[in-house]
Structures are given as structure tokens and as C-alpha cells.
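Please look through the sequence and the model below before reading on.

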Amino acid sequence: MSIAGAEIKVEEKYISLFKENQGRLNIMASDVVANAREGAIKIFEDKGIPNRKVESYKYTNLNPQFEKDYTCDFEHEVFNQNLTEVFNCNVEDLEAITIYLINGWYYRKNQLPDSLPEGVLIGSFAEFSKSHPELFETHYNKYAKNEEDSLVAMNTAFAQDGFFIYVPKGVVVEKPIQIVNIMKAEESFMAFSRNLVVIEENAQAKIMVCEHTLSENRFLVNAVTEAFVDKNSVFDIYNIQNQHNLTTSISSVFVKQKEHSSVLTHNLTLHTGVTRNNIYVHMDDEHCESRIYGLYVSDKTQHVDNFSFVDHAMPNCYSEELFKGVLDDSATAAFAGKIMVRPNAQKTNAFQKNDNLLLTDNAKINTKPMLEIYADDVKCSHGATVGQLDEKSMFYLRSRGISKEEARVLLMYAFAYEAVEKIRVEAVREQIRGLVEQVFRGELNKCNSCVLCGQVSDNEFTCM
Amino acid sequence: MLEVKNLHAKIDDKEILRGINLTVKPGEVHAIMGPNGSGKSTLSSVLAGSEVFDVSEGSATFYGKNLLDMPAEDRAREGLFYSFQYPVEIPGVSMVNFMRTAVNEHRKYNGEKPYTASEFLKLMREKKKLVEIDSNLTNRSVNEGFSGGEKKKNEIFQMAMLQPKVSILDETDSGLDIDALRIVANGVNKLKSENNATVVITHYQRLLDYIVPDFVHVLYKGRIVMSAGKELALELEEKGYDWIKKQFED
Ligand SMILES: Nc1ncnc2c1ncn2[C@@H]1O[C@H](COP(=O)(O)OP(=O)(O)OP(=O)(O)O)[C@@H](O)[C@H]1O
Ligand SMILES: [Mg+2]
């Protein structure tokens, strides 16, 4: 259903879209999900799409993207999906548990390995919201900050499906869980995937979300993932984006962690149109550790904005942030890192770094630390750098017979290396190393191919 | 093999090289000496292809080919090696990856197949022995955190890996203790043959006890103002540069 973008305010278009489809939105959803909609659409209505006056969106104006018209799929024929029609992929290298989403909807023919540890649930957000209402009542929409970001509220209003992962107490899922979200549509298309992850005490899981676009039309993806990480647990989320230039991707991850838990988030933007990543980590107990990383590699007119909010709500927690960017052509990027140290959060350790490599004079980065420290016994540091490829290093490499192009690749990779090495799942790290190198060699320009299985482009789609 | 004629080079309109003439033939060892700031490193890096300086006049040919027309990487692949006075630290680029890329780009240029991983590692092992370089060093990033002496050894190791025809060693002896100096000099001597040549830039006679030059040149204010046999190095060691400076003041 397409919506006409006439002379009305852009928000109104979405509010009426919501009102017209409220019934459809709830076909698949449970009450918990349905009941959150009204409040959320109200917030969206009050605040509107963030413009540049909203401090945290100062460098990313999404209004033009929302002004465009999109179709939506509120009545996905989920049981008739046929993945092989859209995608054929043989995951060879990566030892992973792989599941697919199509346009944000959980693919119902996903096959989970028999060897999945007992009690682990992996599946459709919509279905589990009905079959496990107690988990959803406890966790759903409890960590997402609808009030802080109207686009998160918008997702809550429109949420229907996505992935759900539950790891019970004491269980370790050894293999990484790979979630491949494939966007494919006939016309401009918008999706609101909503995901929930619950990691109970002493449990461990690592997930890898791979975002792809498989058709040549415009996409707007507004996704929200909430994760609850209980005591002594370990949780990693790697968000790998390889989407074509007509994509607007808004991805928000909200993590709430409990004592002695260790969380790692990593946003790897390898190709996109406009990307906004929000990472909120709430350390709600003592002795939490969180590592928040990002790597963005952009060229042409791509834009990547990373926003992080690390909330040191309790004493004795550790946070470490590292975002690295390589910008070529007229690519632009922004980084804002908010660190909140609440009054009783003594003995906080919080470190933040954002380093950028600008390959041309037209590439731009806006970087801004935002520290709010209300406790006195804390160790906090932040730093940002913007630099060019080092001429002396270039000459040194070339004087050994290495071509200019190859020397550039080596130096760009050397720059990105630190961020890549932060990946603490070896199989994923290996995979990403290769991908990042491919990006630097300009070999990842086949935007439609699946980066993780090396499916060869059929030349049907080109990179824009 | 290397023929430099009336070479002038400048940076920001400041002329640093003011008419260099130098001819190097296979099998020869040349020493270039001269006071600080006279242009020794500038000459080396201009020949190696640095784009920091503008060549405003003169020529340089290498086996008859116009060196100045080639990008730095082609000069290296043709067989010119420059051992840096100040080797650059490149964190994040591993020594192994760096050397494998360099060696294989040389091979590609010469129409040879790239080395397989095991062939390459074998070559590395062999050449590491030659300069007695610690294995730990080659497992690290290029020059990162290397001591002054380790950096210089690493230059000679790279030279051994690339087997150049003409090597310009820019103060490879500075910062080396006696043992390291001997190792480096032995390395250079082992690589010497009647088909290749070495240009050593140094301030000290002691290196020339090990690497005995056929010619000693004095570079002063961007010109080679004096050339003689190895005895000139001894004389300079003894008397310093003042007598030369006086003679060529302008
Ligand atoms: N990048 C540069 N920018 C400006 N001036 C430079 C640059 N590089 C060299 N020079 C100048 O050129 C002159 C020659 O320098 P060069 O390094 O070639 O001397 P050198 O003979 O190698 O000296 P040393 O014995 O101290 O190594 C010096 O006056 C130096 O300041
Ligand atoms: Mg010098």
C-alpha cells in the first residue's frame, strides 16, 4: 500500500499509515506488542522525525528520506515464503547457526541445527511473543528508549516481526548465531524489524546480524534490537551492513546488563546509503563490562552516523569505546559518544576513542564526545583524531616495490586493523578481515551479493 | 648502471641538490660523506622516487632507463634499494605481509610467479639468518617499537629479501653497537657481487673498515665537491670538514 506524499507534514503521513493499518499490524502480534503501540505513536506524533535541531541528530537529517514514499508489508505471507526464490546461499566457511529474515520478517522455513543446546530458543519475534508471553512481558519494550528517540518510538508503533533469541541460565551457545536480513522488493520499501534477545545468568551467545539489499529500489529500514544480559553472562552482537546506496538504515540496539556481565557491540558499516546506528548500553549493576566498537568504510556520497550512549548507572563498571572510520570521495560521517556517569557510579572506568582517516578533501567527519560525569572517583578519557594517509609510510612501502594502490590498501587496512581485532569471535574476525580488505580493494561493490557466503553477483543489480 | 648527471632538486623553492654527478658501475662500492644537512638523504630519496622534492634539472638513468620518469615502486622493482636513515614505523602492517607483498610485486614485475606461502617462509628464514634478525621482529608490525639498531638491521634484511642491483645505505651504521655494526656490514658484504653495487652514506670511517669503498665522495651544499679513493675517508675522519667548507664556501 503506497501512501501519497502530498502537502501534508511528513509525520502525518506515517501517523495515518499507522491508523489505517492498526488492525493489520496486530494480526500476528501478541497483546504485549500491540499494547505498546498507542503510547509509542503518541511520542512519535509529539516529537516528529528528528531534524537538525535535535542535538543527537545534528549531523544527520533524515527528513528527506522519510519524505519519500514507500510501500510496506504489514500482511506478510510468512508461511508461503520461499527463500530460494530470492536467495541461494551456501554458507561454507562460517561455522554458524544461520537464520534468515526477509524484509524484516522471520523466514518460516529456517532450519535450526539439532545440536542446539537444550532450552535455547531461536525464532520469530511474533510467534514467540505469543507462545512465551511471560518473557515478553518482562523484557519487551523495557530497554528501548522511545522517549529519547522518536524513530525508536516509530519502530515500537509498527513492530511486527524480527528475530527472538533466548538462552537459558547456564547455557553457552558455542557457535555464532548469524542472522541474515535480506531486503527485496519491487518498489521503494520500508520495514520495521524488531528483535529481542534474552541471555540469562551464566549464559553466553554471540550474534551476527548481516544486512543486505537484493533489489535495486529504495529501502528504509528502521530496526530496533533489545537485549537483556543477566548476571555473569557474555553477549556479543556484530552488526554487519552491506547495503546499496539507495538504502537508509536506522539501527538501534539497546542493551541492559547485570552484574559481572560482559557485552560487546560492533557496528561494521561496509556499504550503505545513509546509516544511523544507535547503541545504548545501560550498566545496571556493579562490575559490568561493555565494549562498544564500530568501523565504517564509506565512499561516494555515503553517510554514516554512529551515536552511542553508555550509561554508568552503578559503581565499578568498565566501558571501552572505539570507532574507526575510513572516508573516501565525498563520504560523510558523524560520531557522538555520550557517557553518563551517574552520581553513585564511583570507580567507573570509561574510555572512548574515535579515529578517522579522510582520503580526500571532500570527505567529512563530525565527531563529538559528550561526557556527563556526576561521580568524583572515576577514570574517563576520550579522544578523536582525523588524519590522512601518511605520506612517509606510503613512500616507504612504495620504495620496496609495492604499488601505490596496494600501499593504500595496506595502510587503510592498518588503520582499520585495531577495530577489526576487537572482534572476539575468531571465526567472525577472520571473515571480517577478509571483507574489510575486499572493501578497501573496491571488490565489495557488488552490493547485492551476500558478503558472508561470497555468492557471485548475477549482474542483475549494479551498485549505485 | 646508475648514472646521475647535473641533478638539481628543490623543496618549497629551496634548492637542496645543486648539480650532482655520480656514476656507479657493477661491483663498485661508493661512499658518500659530508656534513649534516648537505643533501645526502635528499639525494638518496630523490633517486628512490620521493615525491617530496621537485627535480628541476638534470637526469638520472638506471641501466639506460630514465629513473626520474618511474614511480618509486618501479625503481625498486628495477633493482634500486634505499635503506632509510629513519625507517618508518607502520603499525598494523605486519612484517610478513609487507615483505610478501613486496617480494611478490617484484616477481610479478619480472614476469615470475608469486611465491607460495611455504616458499616465501623459507626465503624469509634464510635471509633472517643472514642479518641475524630476531624472529620476534618479523612477527611484529613494520618497525613498530623497534630499537634504532633493530630498524637498521631490518633495512638490511629487506635488502636481502629483495636482492637489489644498487643499494643506497643511508647511515645504516648510526645507532649500531659494535656487534650490530659487524653483523650489518657482514650482511652487506655477503650480498655483494660483481653484478651489484653499493652506495654507503656514513659519517664514520669505522663502517668503511668493513665495507671497503672504491670511491669516497664528499657532498657539500648540494654538490659533490671532492671524489677520491678510500684514503679520503681517513683524512676526513682526522681533519673534519672545515678545510673543505673553507674551500667551497659560496
Ligand atoms: N622535507 C623537507 N622540507 C624542508 N627542508 C628539507 C626537507 N628535507 C630536507 N630538507 C633540508 O634539506 C637539507 C639537506 O637535508 P638532508 O637530510 O638531505 O641532509 P643530510 O646530508 O642527509 O644530513 P644528515 O647528515 O644530518 O643526515 C637540509 O637543510 C634540510 O633541512
Ligand atoms: Mg641524512
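A:Lys300 is found in the loop between strand 14 (289–298) and strand 15 (303–312) of chain A, where helices (H or I, at least four residues) and strands (E, at least two) are DSSP runs numbered from the N terminus. The model is a predicted one, in which local features need pLDDT of at least 70 and side-chain atom pairs count only at pLDDT 80 or more, while totals for chains, interfaces and linings use all residues. Residues are numbered from 1 along each chain as its sequence is written, chains are lettered from A and ligands numbered from 1 in the order in which they are written, and side-chain values use heavy atoms, with hydrogens and water left out.

Although A:Lys300 is not a glycine, it has a positive phi of about 45°. Most residues other than glycine have a negative phi. A:Lys300 is partly exposed, with a relative accessible area of 25%; here buried means under 20% relative accessible area, exposed over 50%, and partly exposed in between (1.4 Å probe, protein chains only). A:Asn232, which is not a glycine either, has a positive phi of about 55° and is found in the loop between strand 9 (219–229) and strand 10 (234–242) of chain A. With a relative accessible area of 35%, A:Asn232 is partly exposed.

Helix 9 (residues 391–398) of chain A is largely enclosed by the rest of the structure, because six of its eight residues are buried. The buried residues in this helix include A:Met394, A:Phe395, A:Tyr396 and A:Arg398.

Turning to the ligand, 16 residues surround ligand 1, each with a heavy atom within 4 Å of it, and B:Ile16, B:Gly37, B:Lys40, B:Ser41 and B:Thr42 are the closest. By class, this shell around ligand 1 has five nonpolar, eight polar and three charged residues, where Ala, Val, Leu, Ile, Met, Phe, Trp, Tyr, Cys and Pro count as nonpolar, Asp, Glu, Lys and Arg as charged, and the others, Gly among them, as polar. Helix 1 of chain B gives the most to the shell around ligand 1, with three residues.

Which distances separate oxygen atoms of ligand 1 from backbone N or O atoms of B:Ser38 and B:Gly39? For B:Ser38 the distance is 3.2 Å, and for B:Gly39 it is 3.0 Å. An N or O atom in the side chain of B:Glu171 lies 3.3 Å from an oxygen atom of ligand 1.

Conventions. A polar contact is a pair of N or O atoms within 3.5 Å; within protein, one must be able to donate a hydrogen and the other to accept it, and residues adjacent in sequence count only if both atoms are side-chain atoms.
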